[in-house]
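Please open the model in your viewer and keep the selection tool at hand.

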Amino acid sequence: MTRFIPALSTGLRRTVLLALAAASAPALAAAPTDADINRLLAASRAQSLLDGMLPQLETMQRQQFEDIARQRQLTPQQTEQLQRMQQRTTATLTKALSWQQLRPMYVDLYKKSFSKEDVLAMAEFYESSAGQSLLDKTPLLMQNVMIAIQEKMKPLMADLEKDMQAILDEPETK
């Protein structure tokens, strides 16, 4: 590096090198350890938040299957097949989104995304009373967000249904 700035005095060269080293320090920030991330995941209740999402996802999935069944005249055999498909889908979803399956992904993503200092600061926040209050109120917030999104989707779904009906009502052209 010093050969690229030969015209500078030794003192100035050192100052420039120190400034460059300081500027690159964030890129060299210490990576969090598994223990650091586990502390954050525990403090942020990541597992219980994930476990709380699963019943909601299962309910949404069940509603989708019920909608399919209502929209069509299914035979008893088709209804039974649809129920088996729903059960398999639920089992697959439950396994794929289990904490045991996702925890390693969380650890890897946190390591790739945050420095040790970031992880420790977040853990400290979630361990604080303000962090715990945020965690306590997040499910209600998410429930309210889902309700608001569903309300916003109603007109869009109505338009989509009209478009689908128009397509179904069109005479077939050969």
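This is a predicted model: local features need pLDDT of at least 70, side-chain atom pairs count only at pLDDT 80 or more; totals for chains, interfaces and linings use all residues.

Residues are numbered from 1 along each chain as its sequence is written, and side-chain values use heavy atoms, without hydrogens and water.

Select helix α6 (residues 116–127) and helix α7 (residues 129–169), whose axes come within 4 Å and cross at roughly 75 degrees. Helices are DSSP runs of H or I, at least four residues, numbered from the N terminus; axes are lines fitted to C-alpha atoms over the stretch in contact, with angles from 0 to 180 degrees between N-to-C directions. The two helices are therefore roughly perpendicular (65 to 115 degrees). F125, Y126 and E127 of α6 meet S129, A130, G131, Q132, L134 and L135 of α7 in this contact (heavy atoms within 4.5 Å).

Next, select K111 and D34, a salt bridge with its closest N and O atoms 2.4 Å apart. The term means a side-chain nitrogen of Lys or Arg within 4 Å of a carboxyl oxygen of Asp or Glu; the count comes to 9. K111 lies in helix α5 (residues 99–113) and D34 in helix α2 (residues 34–43), so the pair ties together parts 77 residues apart in sequence.

Note on methods:
Angles under 35 degrees count as roughly parallel, over 145 as roughly antiparallel, 65 to 115 as roughly perpendicular and the rest as oblique.
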